[in-house]
Amino acid sequence: MRLQPPSKQASLDLDCGPFLAIHTESAIQAGKLSEADVNGALAHTLSVQMRLGMFDGEPSRQPFGNLGPNDVCTPAHQQLALEAARQGAVLLQNRARSLPLSTTRHRTIAVIGPNSDVTITMIGNYAGVACGYTSPLQGIARYAKTVHQSGCNGVACPDNQLFGRAETAARNADATVLVMGLDQSIEAEFKDRVGLLLPGHQQELVSRVAMASRGPVVLVLMSGGPLDVSFAKNDPRVSAILWVGYPGQAGGTAIADVLFGRTNPGGKLPMTWYPQDYLAKAPMTDMALRANPSRGYPGRTYRFYKGTVVFPFGLGLSYTNFAHEIAHAPTAVSVPLATLDGLKNSTTFSNGVRVKHTNCDALSLGVDVDVKNTGDMDGTHSLLVFSTPPLGKGDLEKQLIGFEKVHVVAGGRQRVRVHIDVCKHLSVVDKFGIRRIQMGEHSLHFGDIKHSISLQATLGDIKT
């Protein structure tokens, strides 16, 4: 962590490891950090503890002070773990609606891969002891007869000696589920990944099993971060791709529930999945967000990245279809300027109006969107709202400004109210650290539809 000059701190208030304890004093002595900075971080940390009641005296007076062993692994808590795993599953691809699988047509499932029968892997970096585990193999076995082959000796998959057995299993099953990906030997705290590809011979295993399989092939991926699985995305023999993160103790049950349609997936991808060659273009020593074509730098995050993706941020398919319709939305908004002081020297309208020069209290908007389920299955839908600045103004691609999750029955509709704070949601921090609102036509994206709002700066009788 590189500390910025004291006037522009961009560091952490709390670190769970020993880093701050080891380096804080020397950073103060070197002038990289002041005691006031440390006091501020402590104040923030202690304030949260106070809000949790940790300084309210006897444990019985604290909100969580009476929790004990009997509160661990209750049915309600185990159901919550299952529901979290179900909602966290993200369907990335579903060719010809191969999913959900059918318990009548897919009676025998080949369950293959180094993560197909794992337990501890599913809880990731969580340091607690799980109540119990249901592996993917166990979960799928509740729906169909299973034939299991690991295919690899662990996620490192150092050789292909076990591939023949996996191919035979796939060749004789009605459908194949490949559970691949990573574990904490590849990515964890204090352990950085060095690539975006599946480790070892995993890619070869997927391709060979897909070639051998007589039925649909589903690729299930466990990982904490993105993976370049372009080979599978472009392989017509890979029917569907499902990302489940590290789904926790009930992960196997949740995976099976999604595969067989008991759960309609509604998760959205929380990060951009870049191709492997991105690593050469964006070294970890350069954390600039904005793209720089002159030196071949593509930028970082979905907001500024200019390049191809494997899967985009926010992607998430469903077994049903959702449509969106604007019920009410403003088309033009006046942005009142609180003062003209310094505008001529420090801000021009072509570069955008500084947020601190506007009257933000008057710039809260409401947009009503109808979400319609046009398919034949009930489903939960996360409406993601993105904004893009006026054309030609700034280098921002788009930014997420809000989201609402709604459950809509088949054939039904739900109205969603989206609250937009112009100063917060339609502004961008420029490369000099100044937050500005661009005047002109901003585009709001609600799923598959777009709505434009024109912003115009005003001050009394003056319009720009």
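Let me begin with a term: a cavity is a set of grid points where a 1.4 Å probe fits but cannot get out, and its lining residues have an atom within 4 Å of a point. Please keep in mind that the model before you is predicted.

First, the protein in general. Its 464 residues include 45% that count as buried. The protein contains twelve helices and 18 strands, and its C-alpha atoms fill a box of roughly 75 × 55 × 55 Å along the principal axes. Consider next the contacts between residues at least 6 apart in sequence: 72% of them join residues at least 24 apart. The accessible surface amounts to about 23800 Å², and carbon and sulfur atoms hold 53% of that area.

How many cavities of 30 Å³ or more does the model have? The count is one. The largest cavity holds about 50 Å³ of space.

Which residues line it? They are Ser387, Thr388, Pro389, Leu396, Gln399, Leu426, Ser427, Val428, Arg436, Ile437, Gln438 and His442. Three strands, E11 (379-388), E14 (427-429) and E15 (435-437), each contribute at least two residues to the lining.

Finally, the annotation. An unreviewed UniProt entry lists residues 381-450 as "domain: Fibronectin type III-like".

Thank you for your attention.

Conventions. Residues numbered from 1 in each chain as written. Predicted model: local features only at pLDDT ≥ 70, side-chain atom pairs only at ≥ 80, totals over all residues. Heavy atoms only, no water. 1 Å grid on protein atoms, 1.4 Å probe; cavity = no way out; pocket = protein on both sides within 12 Å on 5 of 7 lines; lining within 4 Å. Points joined across faces, edges and corners; volume = space filled by probe spheres on them. Helix = DSSP H or I, 4+ residues; strand = E, 2+ residues; numbered from the N terminus. UniProt positions renumbered as here; feature names shortened; annotations may be inferred. Buried < 20%, exposed > 50% of the residue type's maximum accessible area, 1.4 Å probe, protein only. Contact = heavy atoms within 4.5 Å. Areas by Shrake-Rupley, 256 points an atom, 1.4 Å probe, with all protein chains shown as cover.
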